[in-house]
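Have the viewer open as you read.

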Amino acid sequence: MSASPVRPRPRLRLAPHELWRGIRSNARSDVLGGSLLLAATVAALILANTPAVSWYESVRDFSFGIPELHLDLSIGAWAADGLLAIFFFVVGLELKEEFVTGRLRDPRQAALPIAAAVGGVIVPAVIFAVINAGDGDALRGWAIPTATDIAFAVAVIAVVGKFLPPALRVFLLTLAIIDDLIAITIIATFYTESISLPWLTLALLPLAGFAFLVQKGVRAWWILLPLAIAVWVCIHAAGIHATVAGVLLGFVVPVVPTERARVPRGTDADGEPLYDGLAPHFADRWGVVATLFAVPVFAFFAAGVPIGGFEGLRSALTDPIAIGIIVGLVLGKPIGILATTFLLSRVPALRLDETLRWPDLTGMAFLAGIGFTVSLLVGELAYGSSSVADEHVKIGVLLGSLIAAVIGGSMLARRSSLARRSQLSSRGRVV
C-alpha cells in the first residue's frame, strides 16, 4: 500500500484590511515613533559633520514655491512650516478629544498634571532668562527649554517602564498635551512679529467650510484637503506660524459621534453598532502620517548642525544660550513639575493617584525635559534658521534632551525592574 503524498501546509494569509490594521497598529507604536525620530536625528548629525555636509545643506536650503503667496520656501522651511502642521493637526484633534471626553474633562483629575505642565514651562523659562540676563537678543529664546517632545518621552517610558503603574503614562501624556497647548499659544503670541488682517480674515472662509463639512460627516480627503491647505496658506501669509493652522483645523472636528458625523468601529456584546466621532478617526489616520513621515522629516532637516569638532562643541557649550537651554531642560523641567505637583498634592481635593510614587514621578519629570521637536522649532523662530545662535540652540537642545532622557530613563528602568521583581515574588508566594 503506497503512502499518501504529503500535502504542503497552507500558508497563513491575511485579508488586506487585517494586514493594514496591523501596519497601522505598529505605526502608532510609541517605540516606533521615537525610533524613527532618533534615526532621523542621528542621520542628520552624521551628514552635517562629514564630507556629505554640502549635499545635505544644498538639499535643505533648496527653495521652491509660489512667491506671490509668500511660499517661496526652502525644503527645511517646508518641513518646519508644512509637515509640522500635520503633527499639530493631530495634536489639536487629541487636545479636543481630551477636553471633551478624555482625561481633561474632569477638572479634579486633570488639575495636577495641568498645573505640573505650567510649572514645567515657567521654571525653565526663568532659568534661561536669568542665565541670559542683559542680552536682549539672546532672551528671544526664553521659550526654547519649555517644551516636551511627546514622541520621544512616551517612547522612552514605553521601552523602560513596562512594569510601572499605568497612571504614570497617563500623567505624562496629560502633562505633554497641555505642554503642547502652551507651546502653540507661545508661538502664536510671542513669535509672530506682524499679522496681516486681510489674510487672517480670508483664512476664516476655508476654515468655516472645513468646519461645516466635518460637522456634516464629510470625510472625503479630496474635499477636505484643499480646504485645509487653503487655511494653511492664508495663516502662513498672515504672518502667523503655519503650524497654528493645524491646531485650528483639529479643534473644529467633532469628537462625539452624531447621526451624520460618525464612523463605525464594530459592535458591542449585544450586536449593536458602535461609532466613533471624526476626531478620533482623523487622529488615527493622520497620526500615522505624522509619526512615520512628518516629524522624522522635520527632525532630519532641523537637527543637522555642524559641531566643528571639539573646538566647535566648546564654543557652543560656553554660549549662555546653549547653557540656558541645557540647564532649563535637565533641571528646570523636573524642578518645575515636581515642585508644583508636590505643593498642590497637599490639597485634599487634588490627591495623586494612589499607585504613583515620588521616585516614579521624578523619573517621569526628567523625561519631560526631552524638548527636541518643538524646542528646535522655537529656536528657529527666535534666532533664524542657520544662524550661529540657532546652531548653538540645536546643540543645546540635543545635549539637554539626551541628558534628560538618560537620567529619566535610568531612573524609570530601575523602578520598573523593582516592580517586576515585586510582582514575581508575590506570584511565587501565591503559588
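## Rings and helix packing

The count comes to 10 aromatic pairs, where rings of Phe, Tyr and Trp (its six-membered ring) pair if their centres lie within 6.5 Å, and planes under 30 degrees apart count as stacked, over 60 as edge-to-face and the rest as tilted. Before going on, some housekeeping: this is a predicted model, so to speak of local features pLDDT has to be at least 70, side-chain atom pairs count only at pLDDT 80 or more, and totals for chains, interfaces and linings use all residues. Residues are numbered from 1 along each chain as its sequence is written, and side-chain values use heavy atoms, with hydrogens and water left out.

| Aromatic pair | Centre to centre | Angle between planes | Geometry |
|---|---|---|---|
| Y56 and F300 | 5.5 Å | 80 degrees | edge-to-face |
| F300 and F301 | 5.1 Å | 80 degrees | edge-to-face |

Y56 sits in helix α3 (residues 53-60) and F300 in helix α11 (residues 278-302), so their pair ties together parts that are 244 residues apart in sequence. Helices here are DSSP runs (H or I, at least four residues), numbered from the N terminus. Are Y56 and F300 buried or exposed? Both are buried, which is to say under 20% relative accessible area; exposed is over 50% and partly exposed is in between, with a 1.4 Å probe and protein chains only. F300 comes in at 19% relative accessibility and counts as buried, while F301 is buried with a relative accessible area of 12%.

W55 also lies in helix α3, but at 48% relative accessibility W55 counts as partly exposed. Elsewhere, one aromatic cluster is formed by F62, F64, W78 and W232.

Two packed helices are described by the angle between their axes and the distance between the axes. The axes are lines fitted to C-alpha atoms, for helices over the stretch in contact, and the angles run from 0 to 180 degrees between N-to-C directions.

Take helix α4 (residues 75-100) and helix α7 (residues 166-190): their axes come within 10 Å and cross at roughly 120 degrees. That makes α4 oblique to α7; angles under 35 degrees count as roughly parallel, over 145 as roughly antiparallel, 65 to 115 as roughly perpendicular and the rest as oblique. The crossing of α4 past α7 is left-handed, meaning the near helix is turned anticlockwise from the far one by less than a right angle (clockwise would be right-handed). On the α4 side the contact uses F87, F88, V91, L95, E98 and F99, and on the α7 side I177, I178, D180, L181 and I184, with contact meaning heavy atoms within 4.5 Å. Those residues split into 9 nonpolar, no polar and 2 charged.

Now for α6 (residues 150-160), which packs with α7 at an angle of about 175 degrees, axes 10 Å apart. α6 and α7 are therefore roughly antiparallel to each other. I150, A153, V154 and I157 of α6 meet L168, R169, L172, L173, A176, I177 and D180 of α7. This contact, too, divides into 9 nonpolar, no polar and 2 charged residues.

W142 is in the loop between α5 (107-131) and α6. At 23% relative accessibility, W142 counts as partly exposed. Leaving aside neighbours within four places in sequence, W142 is in contact with A125, F128, I186, F190 and Y191.

How many residues of helix α14 (residues 358-367) are buried? The count is 8 of the 10, so α14 is largely enclosed by the rest of the structure. Among the buried ones are D360, M364 and F366.

In the loop between α14 and α15 (373-383) you'll find F372, which has a positive phi of about 45 degrees although it is not a glycine. F372 is buried, with a relative accessible area of 2%.

V378 lies in helix α15 and is buried, at a relative accessible area of 4%. Not counting residues up to four places away in sequence, V378 touches A143, I144, I187 and Y191. V378 and I186 are 192 residues apart in sequence and 9.2 Å apart in space, C-alpha to C-alpha.

Key:
Helix = DSSP H or I, 4+ residues; strand = E, 2+ residues; numbered from the N terminus. Nonpolar A, V, L, I, M, F, W, Y, C, P; charged D, E, K, R; others polar.
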